[in-house]
Amino acid sequence: TDLRPLDILSEVVPTAGLARGMRVFQVEGVRGFQLVTSRPRALGFPASRLFIHCDRFPEEFSIIVTLRVLSVPAKRNEYVFTLMAEESPSVLVGLRYSPHKLHFLFWSQERAGGWQTRVTFPNVSLSDNQWHTLILAVSGQSFSLTVDCSIPKDVVVETPFPASLSVKRASFYLGNRRRRKGVFTGLLRQLVLLPGADATPRICTAMNFKVATLSVPTVLQDLPVKPASNEVLKYPYETDTKVTLGSRPPCTKQEKAQFWFNASRRGLYLCNGSTWISMLEVKQRLDYVEEYQNLETNSETMGVEVFTIPKAGLFAATANRYTPPGSAIYKWTDGKFVPYQNIPTYQAQSWKYFTIGKKIFLAVANFEQNERGQEFSVIYKWSRRKEKFITYQRITTHSARDWEAFVIEGETFLAVVNHREGNNHNIDSVIYRWNPRTGLFETNQTIPTSGAYDWEFFTIGPYSFLAVANTFNGTSTKIYSHIYIWLSGSFQLFQSILTFGAADWEVFHIGDRVFLAVANSHSYDSGMPAPSNFYAINSSIYELNITAQMFVKFQDLLTYSALDWEFFSVGDDSFLVVANSFDGFTFSVNSIIYRWQGYEGFVAAHHLPTVGCRDWEAFHTAEGSYLLYSSAKEPLSKVLKLKTT
């Protein structure tokens, strides 16, 4: 079989120009069709133009779509395409979407009694005014959807796609179902049918997954060139001249010919594909984020904790890889972090600062055994007399990754994440309760975890929650992480969320809304074919739905082996910064600050060059606001200053 791509979109475009009701728009450097016809049939063509030698629709196939979807009203459906018989209003094959859902439709006379079958993919967020490439692979009862080359969403239904679907006297309709209702309102760049094959391996090879192509109409491939004569452009097109407001956005080929207006400086800039060119005479402004201090560390740093001790000052504790020299505590002195105290640790992963009354503690999670083969993590207590941290309590742990301290009903708890014991990743993590009589932490509850990395405690009203980031169960990183709720004196399962090598949870509030962000580090399953990139995957933000009493997906963000999220605010603005650590090729990868844009969600605002970024901490001093990041690949962490002018 000749598995050539069948370009549905190109069939609608006449060789001499554009079909009626089609306009070309360029957005973010990418061109697509906008459908504005009042006559839906004008955007159709007979199926026989594609199926020349056979009048049967393929039994196995992929559909590849690249589109840019505008915001869709809550109860509205819009059609990407349909295949319909001339004498029937029924859809033989079709693709439509609604807010957060994508529906694939097909007609199966044999199996479904002459009714239409609908395969629904939930939690597909396309209405974000961004370009997206979808790959729908169909084979029998199995349907798989891949969005921007991320983890496929698989659905199995009772009714298989028909083995012999006739397309006699049927026509394809672009962006509609032969009616004005449900017409596609976004931009369409690619619509291809690939018989007999899963197109994912052919598509997911480019770095820019959102606009990966298999076949695109000629009019959309290149920018039009004005001929030497006085003829008009070969293809008339319009460009989106949206002006970006706020902090300095990135300027790449995708933003070429876009404007950025800096309201505070009254400056208008044009992106030339690499740099912002000033269009108005304004004073040059300082960068949004500037490097402030290179902090040399004892060795590679797995985690960092910034805290303030009353009457002593601001400190940062780094969890360093090697012993000796162990980990270090730095004190903020004259506007810089300077070495203050060294503490012997054993491949330390993280620190946790907490207080009980007037007592001040700092707990370290040790990943390895000490010189005598003993494996424990240590709680240190601040000595006001010595102005140092001294050993207070040792607790047996198993490749500990993280500590979390919290208070429930006046009692203090300390939870440790045990990552593995030997080669067994499915072990118990432990919650300890402070015994005020003995002055020690004692075991209160154990919770089964799988290669866990992180605990995150938070409260909502009178309820207390504890979320665990499960990373690896011994065979797969595609496992459930869990949220527990405190009921009747212990934590009980509240909700399970599918994650992919989850390394961190971050809870935050914006107004009265509660969000929970997960950092997905990599996608691996010993029983499944290897993806094109283990590390370029979506991390997700969930929002608490009070009515449903559960967290529901709010937004996906493409990350590169994400290991940490940090939420912070500057003035009235809210931000999230992600620790991107590895893109499958190099540890030198940009970490990104996202800015809260209301209904648009979080939008990338600044790209920060990092090397093996492991952890972010935001902190404030009288001099301003800062970010501190730790590197797990070099003995150098960096302090960045946020410029708020």
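Rings of Phe, Tyr and Trp (for Trp, the six-membered ring) pair if their centres lie within 6.5 Å; planes under 30 degrees apart count as stacked, over 60 as edge-to-face and the rest as tilted. By this criterion, the structure holds 61 aromatic pairs. It is a predicted model, in which local features need pLDDT of at least 70 and side-chain atom pairs count only at pLDDT 80 or more, while totals for chains, interfaces and linings use all residues. Residues are numbered from 1 along each chain as its sequence is written, and side-chain values use heavy atoms, with hydrogens and water left out.

F61 belongs to strand β6 (residues 60-68) and F104 to strand β9 (residues 101-107), so the pair links distant parts of the chain, 43 residues apart; strands are DSSP runs (E, at least two residues), numbered from the N terminus. F61 counts as buried at 1% relative accessibility, and F104 is buried at 0%, where buried means under 20% relative accessible area, exposed over 50% and partly exposed in between (1.4 Å probe, protein chains only). Both residues belong to one aromatic cluster that also includes F45, F51 and F57.

A charge sits over a ring if NZ of Lys or CZ of Arg is within 6 Å of the ring centre and within 35 degrees of the ring normal.

| Lysine | Ring | Distance from ring centre |
|---|---|---|
| K336 | Y292 | 4.3 Å |
| K388 | Y340 | 4.6 Å |

Elsewhere, 4 strands form an open antiparallel sheet in the order β31-β32-β33-β34; two strands pair if DSSP finds at least two bridges between them. Its edge strands, β31 (400-408) and β34 (440-450), each pair on one side only. Strand β33 (residues 426-435) pairs with β34 in the antiparallel sense over 10 bridges, and S429 has I447 in β34 as its bridge partner.
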